[in-house]
Amino acid sequence: MAIRRLSQLLLPILLVLSVSCIASASSSAPDNFVSCLLSHSLPSHPIGPAIYTPNNASYSSVLESYIRNLRFNESYTRKPYLIITALHVSHVQQAILCAQKHNLQMKIRSGGHDYEGVSYVAEVPFFILDLFNLRTINVDIKTETAWVQAGATLGEVYHRIYEKSKVHGFPAGVCPTVGVGGHFSGGGYGNMMRKYGLSVDNIVDAQIVDVHGRLLDRKSMGEDLFWAITGGGGASFGVVIAYKINLVPVPETVTVFRVIRTLEQNATDIVYRWQYVAHKLDNDLFIRLTMDVVNVTGSQTGEKTLRATFNALFLGDSARLLSVMNKSFPEMGLKQSDCQEMSWVESTLFWTSFPNGTAPEALLSRVPQVLTHLKRKSDYVKQPIPKAGLKWIIQKMIELQTPMLTFNPYGGRMAEIAASAKPFPHRAGNLWKVQYATNWDASGSEAAEKYIDLTRKLFEYMTPFVSKNPREAFFNYKDLDIGINHNDKGSYFEGRVYGVKYFKENFDKLVLIKTKVDPGNFFRNEQSIPTLPY
């Protein structure tokens, strides 16, 4: 009903702007874009206060507030012509229609965690539609659902659920400052995915503004478009305003642990064994493995070793966890003293490395604990790495020193959901997902090239051990190394290069839906879904 009332209210604006778009497809001066926005603003929701140009004293702070990769906050980084910090759905509609009329590229930002800055950087003149003000969360425990606007953060979602219930949660990421819009639309995973699947496996409705400026829900957009924006990325199809999620049950007491082993503490054998058990463990148990290079304790010569960190969430008490581990993974040698029992919301703080005892209100902070320059890549593994191969990779990591590897186990619910159920195709047959992570503090292109090259080298070393034809990748771990779309005549063929790696067979269906709902390819970026070439 709310969508229908709003659509009726905005109908005169949409009709005028749609006619204008048809009448003028040529490029106009950006100043005319602002005039278009202001002239079609609703008196009840003026857009003026949401517009920031470089002449505005707050422009830089608004731009930089949601840049989560300092690699894209350099003096030479192209800046947007303006930023629209939408305060109302009508601002989104006006931005879409006026941008088409004046031929301006729009980037859509919810939390700014896109690894390649695609939501706030472009190689052509552009503006940012920033959704951080659209962050209402309505939790309904009676129906065990919640409506979550795209500008909300995961931490805010977790906290709002916690305010209403101590036995409900939601399967999503472990970084609380990540924005809902990008996280959910690209799949969304976290430490409950072996129990409940991805975020998109638990989304039941959505609201999106399409290329015509219409605000649509699942019923009015149709099942194809709903399917596309639950795993295929929202920014290729429209501007997602909100998602309706199904909450999941969690026990009053969960258990976490963080166990660290170095090579001197038998890390190689424990990591080797992890490969065989992590995806087969009780679905209540998720054990993430992170490997990085550190100094050997007590070394006076700077000798390096590999550190393996096992972070776990178990949806149950420590007694049952120890029983599961002693039976299935005794090689780790987990002890009662390693385990910490807590509530589910407290576990979200533990996984973000907040100190023990931190109040849940810390989840409401929009300031990341760490802000740095970074490069990320991804892979999927379908067979355990032979011990000789594992030792070789460890040696190469010690040589490279900086890049880290994180292995996220699959199996459980992830293996039960069909690869075509959502655009995200990486289901049965995948043992774990790999994240390559390199962080650095130095600014400038020279430092960036150095550390990106180190990341690419580790990625290359892993080639024999990961998926092939295609070498699969995770869309939420955006990586422009695997293909860039210039959105010109070759758009489809450029898009196919990265599209099949992210979406496999689902890419073709995404292209068909894109061609139907946005035939002019207005919603585009460096790795968007292309339209058909004919």
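Me: Which residue of strand 4 is the bridge partner of Lys107?
Reply: Ile128 is the bridge partner of Lys107 in strand 4. This is a predicted model, in which local features need pLDDT of at least 70, side-chain atom pairs count only at pLDDT 80 or more, and totals for chains, interfaces and linings use all residues. Residues are numbered from 1 along each chain as its sequence is written, and side-chain values use heavy atoms, with hydrogens and water left out.

Me: What makes strand 3 and strand 4 a pair?
Reply: Two strands pair if DSSP finds at least two bridges between them. Strand 3 (residues 105–109) and strand 4 run parallel and are joined by five bridges, so they pair. Strands (E, at least two residues) and helices (H or I, at least four) are DSSP runs numbered from the N terminus.

Me: Why is the link of Cys36 and Cys98 called a disulfide?
Reply: The term needs a pair of cysteine sulfur atoms within 2.5 Å. Those of Cys36 and Cys98 are 2.1 Å apart, so the pair qualifies. Cys36 lies in helix 2 (residues 30–39) and Cys98 in helix 4 (residues 89–101), 62 residues apart.

Me: Why is Cys98 called buried, and why is Cys175 called partly exposed?
Reply: Buried means under 20% relative accessible area, exposed over 50%, and partly exposed in between (1.4 Å probe, protein chains only). Cys98 has 0%, so it is buried; Cys175 has 30%, so it is partly exposed.
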